[in-house]
Amino acid sequence: MKKQEYLNHVREMLKECDEEFVNDILCDFEEHFEQGADAGKTEEEVAESLGDISEWIEEMKKEYAKKQLPEIVEETEINEIRKVLVKADSVDIEVSGGSDEISWNLMDNWAKMNIHNYQVIETVSRGRLMLEVLPKEKSHFGIMASHVHFVLNLVDELEEVRIETGSGDIDVEDVEAEVFKLHARSGDVTVEDIEGDLWIKTQSGDIDVKCSELGQLILNSTSGDIDVSVDEAEEINIKSTSGEIEVETEESESMTLSSTSGDIEVEGEVKHLKVSSSSGDVEISCTNPEAVMIHTASGDVEVKIKGCRGMQGITETGSGDVDIDFEGVSYHSGSGFSWGDGSTQVVIKTGSGDISLSE
Amino acid sequence: MNAQFKKGVLELCVLAQLDKGDKYGYELTEAISQKMTIATGTLYLILKRLKDEGYFETYLVESQGGPARKYYRISEAGRTHYHELKKEWEQFITTVDELLK
């Protein structure tokens with residue numbers, strides 16, 4: 001294949017791509033032919049060594065589809081911080097938003113005795129700012145480490161805010177981002193008045209969330225207690241092994257809660273509610289639900305449903321009592337029941353606990 | 001070899017070559033294709049993408065008797081990216097080595 005033939009072939013393969021991208025690539029190839037000629041290669045030899053690039057074209061088509069402006073993408077990608085990651089161990093972290101630029105400092109309640117023992121290492125790579133709060137050396141006042149705070153002021157509308165600590169607490173307030181990922185081992189996590197998706201994971205630390213509007217809320221704790229109060233959320237998903245879960249909401253689309261031995265308590269308006277627990281008790285007070293599903297192995301279940309025109313479903317217990325307190329409820333075979341227009345689906349199953357369903 | 005894996009490996013090779021010093025296209029593709037059999041054209045696609053990510057800068061140098069040559073120079077961000085990739089690669093081959101033993 002001669003040079004022009006090869007270039008035409010490439011142009012044909014790239015015809016769905018952005019003009020500028022295609023020209024850049026063809027320029028590169030053209031230069032390669034020239035440089036190959038300088039090295040004593042024929043056009044055929046160079047074309048053969050450039051070879052078949054079709055395998056790679058598919059991906060390039062996606063990345064450099066027509067109408068994309070590579071320059072603009074380039075600038076924002078390099079210069080703008082879109083993600084922030086903070087890593088610390090025993091230091092408490094306090095985050096707030098609304099600033100014009102990202103700033104941070106170390107604070108110390110104990111007359112600044114400890115902050116000199118810490119340093120903050122800053123790295124920026126691919127639009128991500130990473131801040132590592134590290135002890136310089138072993139502190140003589142090691143037990144006072146918990147009095148050091150790392151205070152971070154963020155701009156709003158970041159793509160991702162991610163914070164990882166060991167024993168330090170995380171405190172996030174008044175800030176907006178696409179997603180928050182907060183991870184503490186034994187420290188507590190407190191979140192107030194933020195907007196975006198919120199993912200929190202702790203081992204023994206407690207989680208406390210108070211917000212008005214959230215997208216996804218995903219919480220996970222091994223033994224910490226979880227306390228949530230959110231006006232509106234698209235999706236709530238909470239998992240705990242032995243901690244207690246308490247959720248209060250004004251209006252949420254879907255909620256899934258699960259716990260091994262902790263108690264679960266829910267109050268508010270939820271369209272789809274799913275609760276599972278092994279030995280904990282479950283207490284629900286729900287307005288206007290479309291579907292309520294509760295499974296426990298041995299805990300008691302108390303459900304109050306308000307503002308619903310009717311329901312149908314199953315209440316099943318191995319050895320406990322079932323008490324449905326709705327006037328005119330009819331029972332069917334196999335633990336089934338229905339009331340009113342049957343529009344809300346209710347399934348409550350427990351191994352040995354009591355079930356109570358009322359208004 | 002799956003395409004994603006191959007792409008990562010070639011990206012690493014390109015970064016490594018430029019980390020050693022600035023090179024023009026033909027020089028760079030020759031350095032790699034002498035060691036492994038590949039369609040060198042793919043390297044230009046990688047170069048273009050890495051350049052758009054801000055990992056390389058280019059500049060022109062007059063050459064004797066011929067047209068100016070476009071040289072590639074690795075940027076700070078490119079160097080950081082190179083070290084990250086290299087570390088991942090080393091961890092990867094250590095793991096594979098352990099599995100082969």
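Modeller: One term comes up soon, so here it is: a polar contact is a pair of N or O atoms within 3.5 Å, and within protein one must be able to donate a hydrogen and the other to accept it. Keep in mind that this is a predicted model.

Biologist: Which side chain joins that of Lys70(B) in a polar contact?
Modeller: Lys70(B) sits in strand 3 of chain B. Beyond its sequence neighbours, Lys70(B) touches residues of chain A, including Glu31(A) and Gln35(A). A distance of 2.8 Å is within the 3.5 Å limit. The side chain at the other end of that polar contact is Asp28(A).

Biologist: Is Lys70(B) buried or exposed?
Modeller: Residues of chain B also touch Lys70(B), among them Lys23(B), Tyr24(B) and Tyr59(B). The relative accessible area of Lys70(B) is 18%. Buried means under 20%, so Lys70(B) counts as buried.

Biologist: How many residues does each chain put into the contact?
Modeller: The area buried between chain B and chain A is about 2800 Å². Carbon and sulfur atoms give 55% of that area. The contact takes 30 residues from chain A, and from chain B 31 residues.

Biologist: Which residues of chain B lose the most area to chain A?
Modeller: Three residues of chain B lead here, and together they make up 26% of what that side buries. They are Tyr26(B), Leu45(B) and Lys48(B).

Biologist: Which residue does Lys48(B) meet in a salt bridge?
Modeller: Across the interface of chain B and chain A, the rule finds four salt bridges. In the one formed by Lys48(B), N to O is 2.7 Å. The limit is 4 Å, so the pair qualifies. The partner of Lys48(B) is Asp24(A).

Biologist: Which element of chain B gives the most to the side that touches chain A?
Modeller: The interface of chain B and chain A has 11 residue pairs in polar contact. Helix 1, helix 2, helix 3, strand 3 and helix 4 of chain B each supply at least two residues to the side that touches chain A. The top contributor, with nine residues, is helix 3.

Biologist: How do the residues on that side of chain B divide into nonpolar, polar and charged?
Modeller: This is the side of chain B that touches chain A. The division is 12 nonpolar, eight polar and 11 charged.

Biologist: What pattern does chain B follow along the sequence?
Modeller: Chain B has four helices and three strands. Of its 101 residues, 44% count as buried. Residues 24 or more positions apart account for 52% of the contacts in chain B with a separation of 6 or more. Read along the sequence, the pattern is α-β-α-α-β-β-α.

Biologist: Turn to the rings. What kind of aromatic pair do Phe29(A) and Tyr44(B) form?
Modeller: The count over all chains is eight aromatic pairs. For Phe29(A) and Tyr44(B), the centres are 5.5 Å apart and the planes make 90 degrees. Planes over 60 degrees apart count as edge-to-face, so this pair is edge-to-face.

Biologist: Why does that pair join two chains?
Modeller: Phe29(A) is buried at 0% relative accessible area, and Tyr44(B) is buried at 2%. Ring pairs also link both residues with Tyr6(A) and Phe33(A) into a cluster. The pair joins two chains because Phe29(A) lies in helix 2 of chain A and Tyr44(B) in helix 3 of chain B.

Biologist: Where does Ile348(A) lie?
Modeller: Ile348(A) counts as buried, at 0% relative accessibility. Ile348(A) touches Ile294(A), Val301(A) and Leu357(A), among others. Its C-alpha atom is 8.3 Å from that of Thr317(A), 31 residues apart along the chain. Ile348(A) is found in strand 23 of chain A.

Biologist: Which backbone nitrogen lies 3.4 Å from a polar atom of the side chain of Ser252(A)?
Modeller: Ser252(A) is in strand 14 of chain A. Ser252(A) is buried, with a relative accessible area of 4%. Its contacts include Glu232(A), Ile236(A) and Lys271(A). The backbone nitrogen in question belongs to Ala233(A).

Definitions and conventions:
Residues numbered from 1 in each chain as written. Chains lettered and ligands numbered in written order. Predicted model: local features only at pLDDT ≥ 70, side-chain atom pairs only at ≥ 80, totals over all residues. Heavy atoms only, no water. Contact = heavy atoms within 4.5 Å. Buried area = accessible area lost by both parts, 1.4 Å probe. Salt bridge = Lys/Arg side-chain N within 4 Å of Asp/Glu carboxyl O. Nonpolar A, V, L, I, M, F, W, Y, C, P; charged D, E, K, R; others polar. Phe/Tyr/Trp six-rings, centres within 6.5 Å; stacked < 30°, edge-to-face > 60°. Buried < 20%, exposed > 50% of the residue type's maximum accessible area, 1.4 Å probe, protein only. Lists of a residue's contacts leave out its neighbours within four places in sequence.
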